[in-house]
Amino acid sequence: LAQEMPKVALAVSLHAPDQELRQFLVPSAKVNSMESILEAMDYYLERSVHHSFIQYTVIKGINDHPSHAKRLADSLKSRRVKVNLIPYNPTERMGFETPEKETMEEMKAILLNEGLLCFIRDSTESGRDVSGACGQLALKTIENR
């Protein structure tokens, strides 16, 4: 991809500041470690003019502590990235909760203070009331199979 399409912006779903928490949240992380993903992203960034996007779904009480934001910043600060903080959209099956807006803002402030570009993706909440928001619809589809 880096050689064939260097003008395409890369998006990387991390959702955690370290491998242990990432494995808890993303089962496939056992196969694709955070370290190897960041190495692949670095390879891509060396050949691209774009930033890479880091997707980080924020889950209340799981990965939303200021220390998580600081550790994420530490692992990304030397890289050309834009961090998208995405508030978790609750589902009946998972039992996780949406973080408070103040928590999202605090995480954003920490990342910005560490020199990273950072945005809160509030648009992912659209459709939450009918379980059709980002992350909810896919789970409903899987459950109905």
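I began with valine 8, which counts as partly exposed because its relative accessibility is 35% (buried means under 20% relative accessible area, exposed over 50%, partly exposed in between, with a 1.4 Å probe and protein chains only). The model is a predicted one, in which local features need pLDDT of at least 70 and side-chain atom pairs count only at pLDDT 80 or more, while totals for chains, interfaces and linings use all residues. Residues are numbered from 1 along each chain as its sequence is written, and side-chain values use heavy atoms, with hydrogens and water left out.

I then looked up where valine 8 sits, and found it in the segment before strand 1 (11–13); strands are DSSP runs of E with at least two residues, numbered from the N terminus.

Next I turned to the aromatic rings, and noted that the structure holds two aromatic pairs (rings of Phe, Tyr and Trp, the last by its six-membered ring, pair if their centres lie within 6.5 Å; planes under 30 degrees apart count as stacked, over 60 as edge-to-face and the rest as tilted). Tyrosine 88 and phenylalanine 96 form an edge-to-face pair, because their ring centres are 5.8 Å apart and their planes stand at 75 degrees. I found tyrosine 88 buried, at 10% relative accessible area, and phenylalanine 96 buried as well, at 19%. Ring pairs link Phe24, Tyr88 and Phe96 into a cluster.

Last, I looked up serine 52 in strand 2 (residues 52–58), where serine 52 counts as buried at 0% relative accessibility. Beyond its neighbours within four places in sequence, serine 52 is in contact (heavy atoms within 4.5 Å) with Leu10, Met41, Leu45, Arg80, Val81 and Lys82.

How values were computed: Helix = DSSP H or I, 4+ residues; strand = E, 2+ residues; numbered from the N terminus.
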